[in-house]
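Please look through the sequence and the model shown here. A set of questions and answers will then take up its details.

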Amino acid sequence: MRCTEMAPLIQLMIEGNLPQELYDRVQKHLMRCPSCAHEAYSLQHARDVLRQAYGKLEAPASFRERTLAKLYDHLAEQIPQQHPAAENQPPLPNVDLG
Amino acid sequence: MAVMDDAGCSPANIYEARMVRRLRNGDREALDGLFDLYVDRVYGYARAILGNREDAEEVAAEAFLRAFQNAASYRSDAPFHIWLFAIVRNLCRDRLRQPRLLTWTLDEAPVSSAEEEERAAIHADVRAALNRLPREYREVLLLCDVQEWNAPEAANILERSVPATKSLLYRARRALRAHLAECWSEE
């Protein structure tokens with residue numbers, strides 16, 4: 001594996017999307033190549049701190065309630081008039097969602 | 001707009017399509033389901049881009065309203081959430097063009113220990129570094145690295161091809177790393 005091949009593989013690795021066999025080959029290359037190792041681990045670090053800095057922001061409960069109330073109002077006002085024949089549409093297929 | 005690959009046929013997307021069809025028929029449970037599915041991500045994205053709670057709440061509420069108002073006429077091959085997030089993105093862009101009196105910061109959580117204080121300082125550095133990047137870099141980093149949309153999904157939201165989105169993400173990550181290195185080498 002050559003350094004010139006590494007850029008897209010490093011992207012896939014830090015996203016966790018490398019197949020195991022390819023991951024092992026990339027890791028072997030990184031152990032032998034300080035330049036590629038720096039590229040990979042510094043990008044991984046930047047991605048990690050970005051995720052930590054923003055985290056999983058949850059919508060405030062008050063916002064949820066207000067917005068849902070508006071959406072319910074809209075649903076009550078518009079949807080039935082727009083689709084009076086909705087009950088005539090074909091049924092949806094049953095899908096096993098696991 | 002990029003073409004969805006197999007991600008468009010995932011069980012989650014099939015479930016979503018079913019909810020959208022029920023929503024068109026006026027099903028309140030479907031509305032609840034779609035709202036719960038995306039409210040945190042919609043709000044989180046708007047909050048990260050806009051930097052404050054008030055603007056994020058207004059944009060997120062408007063995005064849901066527009067998406068649900070037009071759900072009846074939505075006929076694209078792309079999943080509903082791609083459309084919803086494209087609306088969020090465009091509303092954020094519009095909001096950023098408006099004159100602003102508010103400061104460009106994400107609200108800080110109160111800190112109670114030296115460790116938390118240090119962590120908060122690092123997070124502030126990261127947010128400052130992100131805000132120094134071009135808008136398209138910020139968008140792709142937040143979509144892919146924070147919100148974990150995959151490349152085809154982000155490509156649809158950003159209205160780019162998948163290769164262009166991957167290339168943009170690569171450049172954005174390198175730019176963020178460079179800003180962080182610059183910031184932290186000065187300390």
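The questions below concern a predicted model and turn to the contact between its chains, then to salt bridges and aromatic rings.

Me: How much area do chain B and chain A bury between them?
Reply: The size of an interface is often given as the accessible area lost when the parts come together. Here 49 residues of chain B are in contact with 46 residues of chain A. Of the area buried between the two chains, 64% is on carbon and sulfur atoms, and the total is about 4,500 Å².

Me: Which residues of chain B lose the most area to chain A?
Reply: Three residues of chain B stand out by this criterion, and together they account for 14% of what that side buries. They are Arg21(B), Arg173(B) and Arg177(B).

Me: Which helix gives the most residues to the side of chain B that touches chain A?
Reply: Several helices of chain B each supply at least two residues of that side, among them H1 (11–24), H3 (53–69) and H8 (162–185). By class, the side has 27 nonpolar, 5 polar and 17 charged residues. The helix that gives the most, with 11 residues, is H2(B).

Me: How many salt bridges are counted between chain B and chain A?
Reply: Side chains of opposite charge can pair when their charged atoms come close. Over all chains the search finds 20 salt bridges, and between chain B and chain A the count is 8.

Me: Is Arg173(B) buried or exposed?
Reply: Arg173(B), in helix H8 of chain B, pairs across the chains with Glu15(A), which lies in the loop between helix H1 (6–14) and helix H2 (20–32) of chain A. The closest N and O atoms of this salt bridge are 3.0 Å apart. Glu15(A) has 27% relative accessibility and therefore counts as partly exposed. Arg173(B) has a value of 2%, under the 20% limit, so Arg173(B) counts as buried.

Me: Which residues are linked with Arg173(B) in a network of salt bridges?
Reply: The salt bridge between Arg173(B) and Glu15(A) belongs to a network that includes residues of both chains. The residues linked with Arg173(B) are Glu15(A), Arg47(A) and Asp145(B).

Me: How many residues apart are Arg66(B) and Glu62(B)?
Reply: The side chains of Arg66(B) and Glu62(B) meet in a salt bridge, 2.8 Å from N to O. Arg66(B) is partly exposed at 37% relative accessibility, and Glu62(B) is partly exposed at 31%. Both residues lie in helix H3 of chain B, separated by about one turn of the helix, that is, 4 residues apart.

Me: What is the relative accessibility of Phe85(B)?
Reply: Among the 7 aromatic pairs over all chains, Tyr45(B) and Phe85(B) form an edge-to-face pair, 6.4 Å centre to centre with 70° between the planes. This pair links helix H2 of chain B with helix H4 (residues 80–97) of chain B. Tyr45(B) is buried at 1% relative accessibility. Phe85(B) also counts as buried, and its relative accessibility is 0%.

Me: How many residues apart in sequence are the parts that Phe85(B) and Trp149(B) tie together?
Reply: Phe85(B) and Trp149(B) form an edge-to-face pair with centres 5.0 Å apart. Trp149(B) is buried at 5% relative accessibility. Phe85(B) lies in helix H4 and Trp149(B) in the loop between H6 and helix H7 (151–158) of chain B, so the pair ties together parts whose separation in sequence is 64 residues.

Technical notes
Residues numbered from 1 in each chain as written. Chains lettered and ligands numbered in written order. Predicted model: local features only at pLDDT ≥ 70, side-chain atom pairs only at ≥ 80, totals over all residues. Heavy atoms only, no water. Contact = heavy atoms within 4.5 Å. Buried area = accessible area lost by both parts, 1.4 Å probe. Salt bridge = Lys/Arg side-chain N within 4 Å of Asp/Glu carboxyl O. Nonpolar A, V, L, I, M, F, W, Y, C, P; charged D, E, K, R; others polar. Phe/Tyr/Trp six-rings, centres within 6.5 Å; stacked < 30°, edge-to-face > 60°. Buried < 20%, exposed > 50% of the residue type's maximum accessible area, 1.4 Å probe, protein only.
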